[in-house]
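This report covers selected features of one protein model. Please look over the sequence and the structure before reading on.

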Amino acid sequence: DAMEVDTPKARAVGRTLLLCICYIATSASLIRFNKFLMHPDRFPYSMFLTSVHMFTSGLLCLLLYFVRPSLFPGLANCEGKRDTVLKWIAPIASLFALSLYASNQAGR
């Protein structure tokens, strides 16, 4: 029947949409807060904010990996390939840090 709804698929789509909406709302809130915060009279230290942001994100991901490694299935494929992974991740992480710094500077 064409009108039948595949319940597990519908739930997966609904969950994905909800997660996307939450991600966008969180991101927009963070951007607005950073714009508020980056006022010269409040907190004009965008490089410090970027550093704290990157450190906190890295630490929380590391803690989450140790508590629940099953949330990181892609890391199982990287066993024994640490140098190769770092070769690709380091430039991406550096560009991400630069992007965070630039966006915090632009929000001033």
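## Thr84

Is Thr84 buried, partly exposed or exposed? Thr84 has a relative accessible area of 45%, so it counts as partly exposed; buried means under 20%, exposed over 50%, and partly exposed in between, with a 1.4 Å probe and protein chains only. Thr84 is part of helix 3.

## Basis of the model

The model is predicted: local features need pLDDT of at least 70 and side-chain atom pairs pLDDT 80 or more, while totals for chains, interfaces and linings use all residues. Residues are numbered from 1 along each chain as its sequence is written, and side-chain values use heavy atoms, with hydrogens and water left out.

Helix 2 spans residues 46–67 and includes Leu59; helices are DSSP runs (H or I, at least four residues), numbered from the N terminus. Thr50 is also in helix 2 and is buried because its relative accessibility is 4%. Between the C-alpha atoms of Thr50 and Leu62, twelve residues apart along the chain, there are 18 Å.

Leu59, by contrast, is partly exposed, at 38% relative accessibility. Together with Phe55, Leu60 and Leu63, Leu59 makes up a nonpolar surface patch with about 420 Å² of accessible area. Such a patch joins nonpolar side chains (Val, Leu, Ile, Met, Phe, Trp, Tyr) within 5 Å, from residues with over 30% relative accessible area and no salt bridge.

## The largest pocket

The largest pocket has a volume of about 760 Å³. Of its 21 lining residues, Cys61, Leu62, Leu75, Val85 and Ile89 are the closest to the centre. A pocket is an open set of points on a 1 Å grid where a 1.4 Å probe fits, with protein on both sides within 12 Å along at least five of seven lines; lining residues have an atom within 4 Å of a point.

Helix 2 and helix 3 (82–106) each give two or more residues to the lining, and helix 2 gives the most, with eight. The lining has 15 nonpolar, three polar and three charged residues.

Conventions
Patches are made of residues with over 30% relative accessible area and no salt bridge: like charges are joined within 9 Å, nonpolar side chains (Val, Leu, Ile, Met, Phe, Trp, Tyr) within 5 Å. Accessible areas come from the Shrake-Rupley method with a 1.4 Å probe; for residues, only the protein chains shown count as cover. A salt bridge is a side-chain nitrogen of Lys or Arg within 4 Å of a carboxyl oxygen of Asp or Glu. Grid points are joined across faces, edges and corners, and a volume is the space filled by probe spheres set on the points. Ala, Val, Leu, Ile, Met, Phe, Trp, Tyr, Cys and Pro count as nonpolar, Asp, Glu, Lys and Arg as charged, and the others, Gly among them, as polar.
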